[in-house]
Amino acid sequence: MSYKYYLALTSQLPFCSVPLRIDTYSGCQFSCSYCFSKARGGAVSSNTLQEIEPEQLRKRLARVFNGKLSGAVDEFLLRRVPLQLGGMNDPFSPWEAHRKRTLDTLKVLREFQYPTLISTKGNLATKQPYVEVLQSGNFYVRISISVGALDTVRKIEKGVPSLSARIDMAEALSATGIPVSLRFQPVIFGQEEDALRVLKLAGSAGVRHVSAEYLKLPIESRSRQTSYLSAAIPDLVNTYHSLDAKRVGREFVLPTEVKAPGLFFLRDNAVAMGLKFGFAENEFLHLNQFSSCCNAADLFLNNCNFFSGNILGILKRQMTNEKIEFCLPQDEWLPKMSVFSHLNSRSRGKRLVSTKEPTPRTRWKNLLIDKWNSTSGRGGPLSFWGVVSDGRVDSHGNKIYAQSRLLRDTLSSYVVPAEG
Ligand code: SF4
């Protein structure tokens with residue numbers, strides 16, 4: 001069955017620089033017990049499997065690059081904002097060996113030299129003809145690895161190639177010149193020390209970059225996922241409750257101050273080993289010293305642009321300023337067509353942005369202003385680590401923010417990583 005929604009903007013648009021996902025399959029054959037794609041219905045069982053039609057993608061890209069646009073997604077494509085291949089489901093599930101939808105998709109993307117980040121745990125990418133296609137395209141491969149005690153990791157990643165197989169995969173791809181990142185996702189709280197072992201392996205395998213994000217716990221305490229996770233990580237639910245994990249959407253996430261020490265520990269060790277490091281937690285994205293969010297794709301992909309007309313972009317442009325003010329310059333690129341149908345109700349905020357606003361640009365700006373001034377802080381500057389209220393408002397009534405001393409000290413202690 002043809003996959004209708006194979007390409008879409010994600011609801012992370014208000015804070016993500018690469019909010020465009022593409023999936024070659026609507027399902028995944030791996031069984032990671034922390035997989036939220038499955039929990040959210042983003043992955044389906046094989047009997048209703050939908051698959052991308054690579055020829056449809058080829059026609060779409062040809063139309064877009066001939067200037068015929070039919071929506072905001074097309075505008076992002078024309079702008080060459082990188083695609084995240086595998087945003088919902090692993091593109092290298094074992095069925096790829098005979099269905100080859102990912103291979104054909106990669107060939108189409110290569111034809112347009114379209115900048116693409118690939119997220120996977122499957123090791124088919126190291127086989128021919130994949131390697132040849134990846135080498136001659138505009139690709140960057142991110143291999144996901146759970147970080148924690150080996151025994152725990154084995155239990156939560158059922159059916160997935162082993163850690164050593166994935167490190168071998170990173171080494172094999174790196175050796176052919178394909179840029180490779182390791183995504184430490186998820187990191188198990190309290191087991192961060194185990195990451196040092198993986199970091200050392202990463203360094204000697206030629207990996208260029210690592211990013212890290214803690215485990216999120218599904219809110220449904222009786223879900224199959226939660227019981228698998230609890231069986232593998234004793235006391236997980238109690239630990240999250242005792243640490244005051246907060247509910248975000250359908251997940252419990254650890255508080256920012258609980259995650260900070262572990263993330264800085266990982267960052268410091270990664271940098272000491274000569275690796276680039278990306279903070280993948282939303283509240284830490286402003287600490288990434290790349291144009292792209294946590295993934296540093298600007299260092300590894302060619303001829304691409306990143307979306308910065310959002311809250312994160314506004315913050316990052318002012319990280320060296322004393323005052324942080326709402327500012328969306330007139331020349332900031334935004335799609336001319338509406339993006340609102342791509343946002344879920346949480347991303348849109350409580351107040352529905354009026355459809356009577358004259359242009360999608362104004363509507364988008366109003367959405368950002370709502371987030372900027374939100375009293376809960378959710379989605380606005382206060383949700384970012386170390387950003388504090390200045391207590392004043394600007395001439396338009398928008399709140400002014402500042403950096404806490406800790407944030408200032410942290411940024412000034414950073415040595416900006418060298419390019420390349
Ligand atoms: S590989 Fe990715 S999509 Fe597949 S089960 Fe694991 S986390 Fe989910």
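Rings of Phe, Tyr and Trp (its six-membered ring) are taken as a pair if their centres lie within 6.5 Å; planes under 30 degrees apart count as stacked, over 60 as edge-to-face and the rest as tilted. The structure is a predicted model, in which local features need pLDDT of at least 70 and side-chain atom pairs pLDDT 80 or more, while totals for chains, interfaces and linings use all residues. Residues are numbered from 1 along each chain as its sequence is written, and side-chain values use heavy atoms, with hydrogens and water left out.

A search of the whole structure gives 19 aromatic pairs. The pair of Tyr25 and Trp95 is tilted, because the ring centres are 5.7 Å apart and the planes lie at 50°. Tyr25 belongs to the loop between strand E2 (20-22) and strand E3 (31-32) and Trp95 to the loop between strand E4 (83-85) and helix H4 (96-99), so the pair ties together parts 70 residues apart in sequence. Helices (H or I, at least four residues) and strands (E, at least two) are DSSP runs, numbered from the N terminus. Tyr25 is buried, with a relative accessible area of 1%, and Trp95 is buried at 7%; buried means under 20% relative accessible area (1.4 Å probe, protein chains only).

Trp372 and Tyr401 form an edge-to-face pair, 5.4 Å centre to centre with 80° between the planes. Trp372 lies in helix H16 (residues 360-373) and Tyr401 in strand E15 (residues 399-403), 29 residues apart. Both Trp372 and Tyr401 are buried.

One aromatic cluster is formed by Phe76, Phe307, Trp333, Phe340 and Trp364.

Notes. Buried < 20%, exposed > 50% of the residue type's maximum accessible area, 1.4 Å probe, protein only.
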